[in-house]
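These are my notebook entries on one structure. I looked up its charged contacts and then its strands and helices.

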Amino acid sequence: MEVHDEVSSHYQVLSRMATCDGHGENSCYFDGWKAYDEDPFHPTKNSNGVIQMGLAENQLCLELIQEWIKKNPQASICTKEGVSDFKDIANFQDYHGLQDFREAIALFMEKVRGGKVKFDPDRIVMSGGATGAQETLAFCLANPGQAFLVPTPYYPAFDRDFQWRTGVKLLPIHCDSSNNFKITKTALVNAFQDARNSGITVKGILVTNPSNPLGTVMDTKTLRTLVSFACEKRIHLICDEVFSGTVFGEPEYVSVAAILDEVSPHCDRTLFHIAYSLSKDLGVPGFRVGIIYSFNDAVVRCARRMSSFGLVSTQTQRLLANMLRDDHFTTNLLAENKRRLRLQHQRFTAGLSEVGIHCLDGSAGLFCWMNLQWMLKAETVAAELELWRVIIYDVKLNISPGSSFHCSEPGWFRVCFANMDEETMEAALERIRRFVQRTASDKPRTIKSNKKRWRPSRRLSVPPELNSITVMSPRLISPRPPLDQTAN
């Protein structure tokens, strides 16, 4: 009897989809999660464990949502006050979603964007989180082998969300620290031309605004450049706006929808699409609420049909419809969320600055783009990963290396600060202080480079208000997500 090699037999039995590495999870971005999962920090049970700073999760205002739920039991069908609607909600709903939910989402999106744009509830399409939204848009807008341009550095899971099952390519628009990683017209044109020279059809541009991982807000001039370029080349522009409600400083956030209102009718609106979610602004990633908002009727129809593969439960829709329609609550929640994010960001970056670590100036998101180039043994990705391994396995902090975000400059790291309480953040800062002190005692390292080096525009200091304000009332610890869950 012939004995088959187990591995080769495994690959013969399963499909290419099941056996390929297109999911993108074989990267150090996800390896950091695995390190945390094997040795998770707990303030009393495992104080020497890995602190999770690689998960962009917003836990700063969850107790406010809990209080609203307690005060509004009728919003849930799982209470005696709301159970009378159980039959209506439990019965099958089509993929359009509840009308009340779509109207509430449209109103909330308008509020997050300062009331400067209007959203049509009939263009709201549900998906299983922002992951589902991105993949659905890729299916709708491009064929396998065609490409979208994306500025670097970018969210690592886009490689999975946008490419894996669709066969669509992501090609880099190279950005660097000489101008704080802003997209330039020259870089955009070069990326487009490079793709064409390689025989690749470019179907669009994918951007995040605010940026993940930079924590910056895209300026109006850059947005206009992107809109103009998309119209000129007749390609699509997808704006991932999942962090739009996390802007806690200047400049003011501007949605691509506002730019379209400004340039209309000189631009074809059917080329523009927004991906959104409640995971970051509301802090409820477990609800799996993703939103596609497209100005293209055909995309709305197709995406709605495809949403059958990732619908939001009607129970979740009903609860959120009631919550998001509470104007007083959402107004206060957004304001308090921004206040707490600002204070948490200021305290964390000030702590880094005290030991000579600087971050890119950011005013949005749940993370900082931290510069550790001065700690590298050489200006290489290998040196960056060597430093990262020390930070993961010795310092016991899960931070994400810039190379996993396709950053072209070794030495940058994304570090998240909104998924922990003050005690955990202080524990993380203390570990960083000790590591820097230990490293400083080593022989100074000099890296030769012809590139223009990034310099921080200012040193941060702790504002007086931080000394007396507690950012979060509940006791939170560094979270422990299952590895198969989606996170940003």
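**Entry 1: salt bridges**

I searched the whole structure and found 25 salt bridges, a salt bridge being a side-chain nitrogen of Lys or Arg within 4 Å of a carboxyl oxygen of Asp or Glu. I note that this is a predicted model, in which local features need pLDDT of at least 70 and side-chain atom pairs count only at pLDDT 80 or more, while totals for chains, interfaces and linings use all residues. Residues are numbered from 1 along each chain as its sequence is written, and side-chain values use heavy atoms, with hydrogens and water left out.

I looked up E110 and recorded a salt bridge with K118, at 3.8 Å from N to O. K118 has 67%, so K118 counts as exposed.

I then turned to E241 and R113, whose closest N and O atoms are 3.0 Å apart in a salt bridge. This pair links distant parts of the chain, 128 residues apart: E241 is in the loop between β6 (236-240) and α11 (256-263), and R113 is in the loop between α6 (99-112) and β2 (124-128). Helices (H or I, at least four residues) and strands (E, at least two) are DSSP runs, numbered from the N terminus. E241 counts as buried because its relative accessibility is 0%; R113, at 4%, counts as buried.

I also recorded a salt bridge between R269 and D261, at 3.5 Å from N to O. Salt bridges that share partners join E63, E336, R339 and R340 into one network.

**Entry 2: the sheet**

Which order do the seven strands follow in the open sheet? I read it as β2-β8-β7-β6-β5-β3-β4, with mixed pairing; two strands pair if DSSP finds at least two bridges between them. The edge strands, β2 and β4 (169-173), each pair on one side only. Strands of a sheet pair through backbone hydrogen bonds, either parallel or antiparallel. I found β3 (147-151) and β5 (202-208) paired in the parallel sense over three bridges, and the bridge partner of F148 in β5 is G204.

**Entry 3: a helix on the sheet**

I noted that helix α9 (185-197) packs on the sheet and touches β3, β4 and β5, contact meaning heavy atoms within 4.5 Å. The direction of α9 makes about 140° with that of β4; axes are lines fitted to C-alpha atoms, for helices over the stretch in contact, and angles run from 0 to 180 degrees between N-to-C directions.

Methods
Buried < 20%, exposed > 50% of the residue type's maximum accessible area, 1.4 Å probe, protein only.
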